Amino acid sequence: MDPSAVAGTQAGTDGREARLLLGLDFAGTYVFAVEGAIAAIAGGLDPLGVLVLSFATALGGGILRDLLIGATPPNSIRDERYALVAFAGGATVLFLHRFVTDVPPLLLVTLDAAGLSLFAIAGARKALDFGLRPLMAVLMAAITGSGGGTLRDLFLTHVPTVLRADIYAVAAMTGAFVMVGGQRLGWPSRTMALVGGASCFALRMVSVWRGWNLPHFP
């Protein structure tokens, strides 16, 4: 086979992988921005506060991940599209807040689980791309998925939910573990990204439905 053809095929595959990662990042950014804006309105913040909390919730975890893996300046700061997507999510809630306040809790939980899944997989994939070992990639998935929510809770003077309730970071790590493990076994990376994301989403939803929590100390 012509080496140039092989190189072209590899470049095409890399391009598709990059677009997949970017799409996951954007989708997760928007979902988490909406969630952050809803929390800001519930906390009585003004419109500027809503946008700030949208940005922090949507991009805080990714920024922390990038700083830890040496991707500086963080991609969310270097690429203005991330900020635009985050502000778009906040603006959507601002303009439609009368409808948003009536959104069923189950839908909010579903959106949160979807955002967590998207960010967990995107975070693990980026960590692997930067040469981190599988264990650290799994940890970066947890940071990417829960970092923004932790900032949101701190801004609203709450103890971060991820530290006291719900199967949250554990769900992100589980999804990342499934994806990374499958890739290590030689299975298609795109397929494993979908399976890992579905695993994270399912565990998060089932844990909310069943009321699962990690054990607490008395």
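Let me begin with the residues where two helices touch. On the α8 side these are Val-170, Ala-171, Ala-172, Thr-174, Gly-175, Val-178, Met-179, Gly-182 and Gln-183, and they meet Ser-189, Met-192, Ala-193, Val-195, Gly-196, Ser-199, Cys-200, Leu-203 and Arg-204 of α9. By class, the residues of this contact are 10 nonpolar, 7 polar and 1 charged. Keep in mind that this is a predicted model.

Now the geometry. Two packed helices are described by the angle between their axes and the distance between the axes. Here α8 covers residues 169–184 and α9 residues 189–210; their axes come within 8 Å and cross at roughly 155°. Angles over 145 degrees count as roughly antiparallel, so that is the label for α8 and α9. The crossing of α8 and α9 is right-handed.

Next, the annotation. An unreviewed UniProt entry gives "transmembrane region" at residues 20–42, 48–70, 82–100, 106–124, 136–155, 161–180 and 192–212. For two of these I have end-to-end values. Residues 20–42 are 100% helix and 0% strand, with end C-alpha atoms 33 Å apart. For residues 192–212 the figures are 90% helix, 0% strand and 26 Å between the end C-alpha atoms.

Last, charges. How many salt bridges does a search of the whole structure find? The search returns 6. One of them joins Glu-35 and Arg-152, whose closest N and O atoms are 2.9 Å apart. Glu-35 is in helix α1, residues 3–42, and Arg-152 is in helix α7, residues 134–155, so the pair ties together parts 117 residues apart in sequence.

Notes
Residues are numbered from 1 along each chain as its sequence is written. This is a predicted model: local features need pLDDT of at least 70, side-chain atom pairs count only at pLDDT 80 or more; totals for chains, interfaces and linings use all residues. Side-chain values use heavy atoms; hydrogens and water are left out. Axes are lines fitted to C-alpha atoms, for helices over the stretch in contact, and angles run from 0 to 180 degrees between N-to-C directions. Helices (H or I, at least four residues) and strands (E, at least two) are DSSP runs, numbered from the N terminus. Angles under 35 degrees count as roughly parallel, over 145 as roughly antiparallel, 65 to 115 as roughly perpendicular and the rest as oblique. A crossing is left-handed if the near helix is turned anticlockwise from the far one by less than a right angle, and right-handed if clockwise. Contact means heavy atoms within 4.5 Å. Ala, Val, Leu, Ile, Met, Phe, Trp, Tyr, Cys and Pro count as nonpolar, Asp, Glu, Lys and Arg as charged, and the others, Gly among them, as polar. UniProt positions are given in the numbering used here, feature names are shortened, and annotations may be inferred rather than shown by experiment. A salt bridge is a side-chain nitrogen of Lys or Arg within 4 Å of a carboxyl oxygen of Asp or Glu.
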